[in-house]
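Please read these short notes with the structure open beside you.

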Amino acid sequence: MTSNFIDYVKINVRSGRGGFGSSHFRREKHVPKGGPDGGDGGRGGHIYLVGNSQLWTLLHLKYQKHIIADNGKGGEGGRRSGAEGEDIYIEVPLGTIVKDAESNEFLAEVTEEGQKILLLPGGRGGMGNTHFKSSTNQSPRHAQPGEEGQDRWVIMELKVLADVGLVGFPNAGKSTLLSVLSAAKPEIADYPFTTLVPHLGVVAYRDYKSFVVADIPGIIEGASEGKGLGLRFLRHIERNSILCFLIPSDAKDWGNEYEILLGELEKFNPELLQKQRVLVVSKMDISIPEMQEEIRATLPSDLPVVFISSITQEGIQELKDVLWKTLQEENAKFHADTLLAKSIQDENNAASEEDQPSIED
């Protein structure tokens, strides 16, 4: 069975060529020397990216390898400008980044609903001969050709946007937890790698509040080197505000399992370690309560630890409370950092203005 979750496509985009300027002279009865009146060519069509929160994958682009905007029309006599080429709007899900396929250069990132980004501008239309008349050249017979459009192969990657990312080994209980926390219905079975694509679920919280949780496919030791499902889904973790590590109570070594997961994230992208983390010990229905102290002793003491059972609902509300509180702390930190960065930027701008010589000097 082929999955409809497509998070990587390579396509060719080409903006429109500008129209030719017109080399035309006014010809009317009783006007023997009307002079140049050639109009300008229309610009070629632009190619835009547009964020659409209703899209979930890049499936609609998988079989559309070439996206080409219209060319601008040529100018005409009577100073009539040619029509502009029709623009192309490529709708993409939120969290899409675009890179140049050859140089891997970052080109654009779409993160908001309705966000519109100019990916490739159309070629400028050529000027008609009316622009080139002068006292010494009253009958110019040349006009400009339109500029060529841009042609580029690009790679589009989707990184799932979510407030909380569930991270854990295969069969840690991530899909079951997502189905309990939200109305999402991921595939659940008692064998590893049941989840082959990320799933999103909206968690209803107190007072009509909510947050989004993503179930990321299982990570194994060596995933950053391509083992298991490899790097394909590690990039989805980059866009989560906080990370929720799931460790099953029947694991052989709980602390070692957490360290392996952390190590794979660090190898993939060291910046992931800066994200807030919450530890969740799942499947407590198959263990005894006395094991909690033993498990807690093997895990980092500076991180919140929640013991849950998705089957019996034990600890689920406590987990929601911890996730919500951590999210609020992360959002407050983000806003504080944003304000600080803006303040520093304003101070630097003010200092640079003071350093500029005044007109009187």
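1. The side chains of Asp321 and Arg206 form a salt bridge, with 2.9 Å from N to O. A salt bridge here is a side-chain nitrogen of Lys or Arg within 4 Å of a carboxyl oxygen of Asp or Glu. The pair joins distant parts of the chain, 115 residues apart: Asp321 is in helix α5 (residues 316-355), and Arg206 is in the loop between β10 (199-204) and β11 (210-215). Helices (H or I, at least four residues) and strands (E, at least two) are DSSP runs, numbered from the N terminus.

2. This is a predicted model, in which local features need pLDDT of at least 70 and side-chain atom pairs count only at pLDDT 80 or more, while totals for chains, interfaces and linings use all residues. Residues are numbered from 1 along each chain as its sequence is written, and side-chain values use heavy atoms, leaving out hydrogens and water.

3. Asp321 is partly exposed at 25% relative accessibility, and Arg206 is partly exposed at 43%. Buried means under 20% relative accessible area, exposed over 50%, and partly exposed in between (1.4 Å probe, protein chains only).

4. Asp87 and Arg43 also meet through their side chains in a salt bridge (3.0 Å, N to O). Asp87 lies in the loop between β3 (66-68) and β4 (88-92) and Arg43 in the loop between β1 and β2 (47-51), so the pair ties together parts 44 residues apart in sequence. Asp87 is buried, at 17% relative accessible area. Salt bridges link Arg43, Glu84 and Asp87 in a network.

5. The structure holds 9 salt bridges.
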